[in-house]
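This report describes selected features of a protein structure, arranged by topic. The sequence and structure are shown first.

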Amino acid sequence: MGFTPHLVALDIDGTLVDRQGLLPTSIEHSVERITGAGVPVVLATGRGLFGALPVHDILRLPAGDLVVSNGAVTVSTSPLTVLDEVRFDPGPVIRQVLDLHPSAIIAVEDVGVGYRLNRLFPAGELQGEFTIESTEELASRPAARVIIRDPDAPPADFVELARHLGLHGVSYVIGWSAWLDITPRGVSKASALQALCDRRDIDPRQVLAIGDGHNDMEMLAWAGRGVAMGDAPESVQQVANAVTGTFDEGGTSAELDRWFAGPR
């Protein structure tokens, strides 16, 4: 069976937007060609709902689905409805983290609202409403995602933190900074996209997925054509079917235009 994309899954940060959150016009045009061809585009991101919606709007995507919170939450955009939310007990992880790293900032996602936190994150890193709570309150009810952050710690400290935690029964992803995303075991962008494909009767072998981070590895390995950005870590590139150019080189548009009538 030859490859023809029937669905395109796109990571946001480092794939669609740069570190400053800017989305190149070339990518807007590439995505417009995909939607013009009637192929669904699904944003699949580690961002929460309110961080993903502005990108969905900038791209002028038609009503459809969004995979957010590293696959723990899937929403329909019109009307805005939570289709799926996988939760876990955050208590053991929160208490372990604070025992090992007392200066950590903890955020528990409250889907469709914002975050409950022990302290505020640096400005602009999270979107939605923020409620400050005690450790006991944060640990008191099931959640789709817990974010661990320490802007004063080097990323290597969080690699070591994850190693010491063990993190049984949950999945975790270490971000590009001192940032740790924790979701239920077995939940990933790939698991959420598989559920969407099941609902839409789309063969995953006909999915094009592009990403650049450790949280994209399952998605790139799962998709019929998983493409890593040229500036993705080596471990991410190794699980992909192909590697495109870096973000600054226009790697995202180059891959999309290969399949959707890009400029010659």
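## Aromatic pairs

Phe3 has a relative accessibility of 21% and therefore counts as partly exposed; buried denotes under 20% relative accessible area, exposed over 50%, and partly exposed the range in between (1.4 Å probe, protein chains only). The model is a predicted one, in which local features need pLDDT of at least 70 and side-chain atom pairs pLDDT 80 or more, whereas totals for chains, interfaces and linings use all residues. Residues are numbered from 1 along each chain as its sequence is written, and side-chain values use heavy atoms, with hydrogens and water left out.

Two aromatic pairs are present in the structure. Rings of Phe, Tyr and Trp (its six-membered ring) pair if their centres lie within 6.5 Å; planes under 30 degrees apart are stacked, over 60 edge-to-face, and the rest tilted. Phe3 and Trp259 form an edge-to-face pair because their ring centres are 5.0 Å apart and their planes stand at 80 degrees. This pair links distant parts of the chain, 256 residues apart: Phe3 lies in the segment before E1 and Trp259 in helix H9. Helices (H or I, at least four residues) and strands (E, at least two) are DSSP runs, numbered from the N terminus. Trp259 is partly exposed, with a relative accessible area of 25%.

The pair of Phe121 and Trp179 is also edge-to-face, at 5.7 Å centre to centre and 80 degrees between the planes. Phe121 belongs to the loop between strand E7 (114-117) and E8, and Trp179 to strand E11 (residues 179-184), so the pair ties together parts 58 residues apart in sequence. Phe121 is buried at 10% relative accessibility, and Trp179 is buried at 15% relative accessible area.

## Helix H9

Helix H9 spans residues 251-259, and its buried residues include Gly251, Thr252, Ser253, Glu255, Leu256 and Asp257. Their cover includes strand E1 (7-10), helix H1 (25-36), strand E12 (207-211) and strand E13 (225-228). Just after H9, Ala261 adopts a positive phi of about 45 degrees.

## Strand E1 and its partners

In E1, Leu7 and Ala9 point one way and Val8 and Leu10 the other way; all are buried. Two strands pair if DSSP finds at least two bridges between them. E1 pairs with E12 in the parallel sense over four bridges, and Ala9 stands opposite Ala209 in E12. E1 also pairs in the parallel sense with strand E2 (residues 41-44), over three bridges, where Leu10 stands opposite Leu43.

Notes
Contact means heavy atoms within 4.5 Å.
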